[in-house]
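Here is a short briefing on one protein chain.

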Amino acid sequence: MAEQLMSAFESSVDKTNLILKDIEQAYGWPRARRNQSYAALRTVLHLLRDRMTVQECAEFAAQLPVLVRGIYFDGWQPENVPVKLNRDDFLYEVRQGFPYDVEGGPQRVTQVVLDALRRHVTQGEWQDVKSGMPRDLQRLIP
């Protein structure tokens with residue numbers, strides 16, 4: 001039993017590291033900038049989560065690695081969702097949560113993180129997430 005739990009935990013860490021690596025590779029960052037890839041992931045995850053209904057939020061979370069799911073739900077207040085954010089509001093909030101200056105600004109950060117996440121959930125679930133967003137936000141989602 002303990003071996004199964006450790007294996008599940010290690011698998012979650014490995015999958016989380018793959019997502020963070022995807023972000024780093026998109027920017028050409030070395031692993032030493034892991035704090036930036038984590039900040040980007042966390043910021044975009046929280047904004048995406050808060051823009052969704054409780055039901056869609058839970059369905060999306062079920063496909064995330066356990067460790068990422070913990071990051072995703074950290075600080076969540078389901079009674080306050082969905083938060084109405086248009087594209088400009090979303091990008092503004094990304095900039096507030098991700099204080100690093102990077103090429104392409106908050107729009108590129110958003111697209112890089114969403115592209116990394118898209119590779120780790122089913123296409124059907126990703127389409128559900130995308131279709132639940134306002135049209136102007138849908139254009140940011142790969």
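Arginine 119 is partly exposed, because its relative accessibility of 44% falls between the limits of 20% and 50%. Keep in mind that this is a predicted model. A search of the whole structure finds eight salt bridges. The largest nonpolar core has 41 residues.

- The side chain of arginine 119 meets that of aspartate 22 in a salt bridge, at 3.4 Å from N to O.
- This pair links distant parts of the chain, 97 residues apart. Arginine 119 sits in the loop between α6 (105-118) and α7 (123-131), while aspartate 22 belongs to helix α1 (residues 2-27).
- Aspartate 22 is buried, because its relative accessible area of 14% is under 20%.
- Aspartate 115 forms a salt bridge with arginine 118. Their closest N and O atoms are 2.4 Å apart.
- Aspartate 115 and arginine 118 are three residues apart in helix α6, so about one helical turn separates them.
- Both residues of this pair are partly exposed: aspartate 115 has 21% relative accessibility, and arginine 118 has 32%.
- Asp22, Asp115, Arg118 and Arg119 are linked in a network of salt bridges.
- Side chains of opposite charge can pair when their charged atoms come close.

**The aspartate 74 to arginine 42 bridge**

- Aspartate 74 and arginine 42 meet through their side chains in a salt bridge, at 3.2 Å from N to O.
- Aspartate 74 lies in the loop between α4 (66-73) and α5 (87-97), and arginine 42 lies in helix α2 (residues 34-51), so the bridge ties together parts 32 residues apart in sequence.
- Aspartate 74 is partly exposed at 42% relative accessibility. Arginine 42 is also partly exposed, with a relative accessible area of 30%.

**The nonpolar core**

- Which residues touch the most other members of the largest nonpolar core? They are Leu45, Phe60 and Val109.
- Seven helices each supply at least two residues of this core: α1, α2, α3 (54-61), α4, α5, α6 and α7.
- The largest share, seven residues, comes from α2.
- Beyond its neighbours within four places in sequence, leucine 45 is in contact with Phe60, Leu64, Val68, Ile71, Tyr72 and Leu117.
- In soluble globular proteins, nonpolar side chains tend to be buried together.

**Helix α5**

- Asparagine 86 caps the N-terminal end of α5. One of its side-chain oxygens lies 3.0 Å from the backbone nitrogen of aspartate 88.
- Phe90, Leu91 and Val94 are buried in α5. They cover an arc of only 95° around the axis, so they lie on the same side of α5.
- Which elements do the buried residues of α5 pack against? They pack against α2, α6 and α8 (135-138).
- Glutamine 96 is also found in helix α5. With 47% relative accessibility, glutamine 96 counts as partly exposed.
- Glutamine 96 and lysine 15 are 81 residues apart along the chain. Their C-alpha atoms are separated by 27 Å.

How values were computed:
Residues are numbered from 1 along each chain as its sequence is written. This is a predicted model: local features need pLDDT of at least 70, side-chain atom pairs count only at pLDDT 80 or more; totals for chains, interfaces and linings use all residues. Side-chain values use heavy atoms; hydrogens and water are left out. A salt bridge is a side-chain nitrogen of Lys or Arg within 4 Å of a carboxyl oxygen of Asp or Glu. Helices (H or I, at least four residues) and strands (E, at least two) are DSSP runs, numbered from the N terminus. Buried means under 20% relative accessible area, exposed over 50%, partly exposed in between (1.4 Å probe, protein chains only). A nonpolar core is a set of buried Ala, Val, Leu, Ile, Met, Phe, Trp, Tyr and Cys residues joined through side-chain atoms within 4.5 Å. Contact means heavy atoms within 4.5 Å. The arc is that of the directions from the helix axis to the C-beta atoms. A polar contact is a pair of N or O atoms within 3.5 Å; within protein, one must be able to donate a hydrogen and the other to accept it, and residues adjacent in sequence count only if both atoms are side-chain atoms.
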